[in-house]
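The sequence and structure are shown first.

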Amino acid sequence: MRFSRLGAAAFAVFALQASAFADQLPEGALPDAAISRGKNNLKKAWLARPTTRYGHGILGDAIEAGSLVAVTSCGHKMEFILDKDLVFEDRQARIVDLEGDHYDEVVVVESSLDHGAALSVYGPKGATCSAAGGLTRIARTPFIGTRNRWLNPAGIADYDGDGIKEIAIVVTPHIGGTLQFWALREGRLVLKAKKFGFSNHAIGSREQGLSATVDGAGHSLLFLPGVDRRSIFRVKLTLEGIKSHQIGTLPSEAAGQITAKTGSGGKVVLSVPTQAHGVVELTGAAN
Ligand SMILES: [Ca+2]
Ligand SMILES: [Ca+2]
């Protein structure tokens with residue numbers, strides 16, 4: 001993942017798709033894996049042990065990952081190997097410190113061959129630098145419940161300003177997606193809010209980054225497409241739930257990594273690669 005700070009307002013843009021392809025993939029990695037890098041007790045993480053045992057093929061091929069590999073800050077490697085009825089249906093194991101305790105967690109989509117996808121959080125167990133305890137699954141949301149149903153992460157940031165990061169996901173982005181915000185609280189993933197009407201992935205595409213997060217004053221904003229992937233919404237997480245506002249409509253479907261920067265008057269300027277009209281810019285309020 002990549003955080004970049006733009007302008008005096010210190011807007012941070014969170015991009016789920018790391019600039020990972022500059023890295024040579026380690027032996028045994030998922031062929032289209034993106035390597036994630038951490039700043040605390042984890043140096044990097046990636047998905048490995050390619051397997052065809054699921055056969056869903058939502059992310060461009062039917063090859064998913066059978067394990068998660070992480071390297072500690074002092075260079076020790078750990079691997080969590082899934083049971084045979086599970087795969088990581090994702091391209092990236094996102095390293096992030098969810099609660100701000102300076103210990104990294106790893107966020108990844110994990111799918112059951114029978115019950116579809118869930119969101120999982122992993123982390124090192126025991127001594128964080130030696131890797132002696134290996135990796136453990138800290139928490140997992142319920143599976144969607146049906147085989148071949150998937151979810152796509154949309155951003156990880158403190159969206160409601162309470163000091164703890166939320167994980168935004170779109171559940172079933174191809175058949176009418178529901179945006180959900182989850183937070184890790186005392187070792188459990190807790191659903192904070194949900195709202196129907198979003199899509200951040202086109203079926204069969206390797207691109208998972210059809211969203212952008214902007215870190216504003218005290219809370220972060222999420223920008224992502226509606227179900228048609230042409231309408232673009234600004235989303236706030238509040239105590240009253242999810243508030244969404246359409247900031248514009250694209251001439252064709254969003255098809256690539258959405259990025260955000262600060263424009264004139266403190267507005268947010270989104271750059272959205274589209275299916276047939278190149279990169280289109282949309283402007284939205286930053287509050
Ligand atoms: Ca943490
Ligand atoms: Ca929060």
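## Secondary structure

How many helices and strands does the secondary structure of the protein chain come to? The model, which is predicted, has zero helices and 22 strands.

## Overall dimensions and packing

The protein chain has a radius of gyration of 18 Å, close to the 19 Å that the globule rule gives for 287 residues, so the chain is as compact as a globular protein of that length. The C-alpha trace spans about 50 × 40 × 40 Å along its principal axes.

Of the 287 residues, 45% count as buried. When contacts between residues at least 6 apart in sequence are considered, 51% of them join residues at least 24 apart.

Most residues other than glycine have a negative phi. Against this background, two residues of the model may be examined in turn.

His102 lies in the loop that runs between strand 8 (94-96) and strand 9 (105-112). The phi of His102 is near 70°, a positive value in a residue other than glycine. Is His102 buried or exposed? His102 counts as exposed because it has 10 C-beta neighbours inside 10 Å, and the cut-off for an exposed residue is 12 or fewer.

Thr172 is placed in the loop between strand 13 (166-171) and strand 14 (177-185). Its phi, near 50°, is likewise positive in a residue other than glycine. With 18 other C-beta atoms within 10 Å, Thr172 is partly exposed; a buried residue would need 20 or more.

Note on methods
Residues numbered from 1 in each chain as written. Chains lettered and ligands numbered in written order. Predicted model: local features only at pLDDT ≥ 70, side-chain atom pairs only at ≥ 80, totals over all residues. Helix = DSSP H or I, 4+ residues; strand = E, 2+ residues; numbered from the N terminus. Rg over C-alpha atoms; globule rule 2.2 N^0.38 Å. Contact = placed C-beta atoms within 7 Å.
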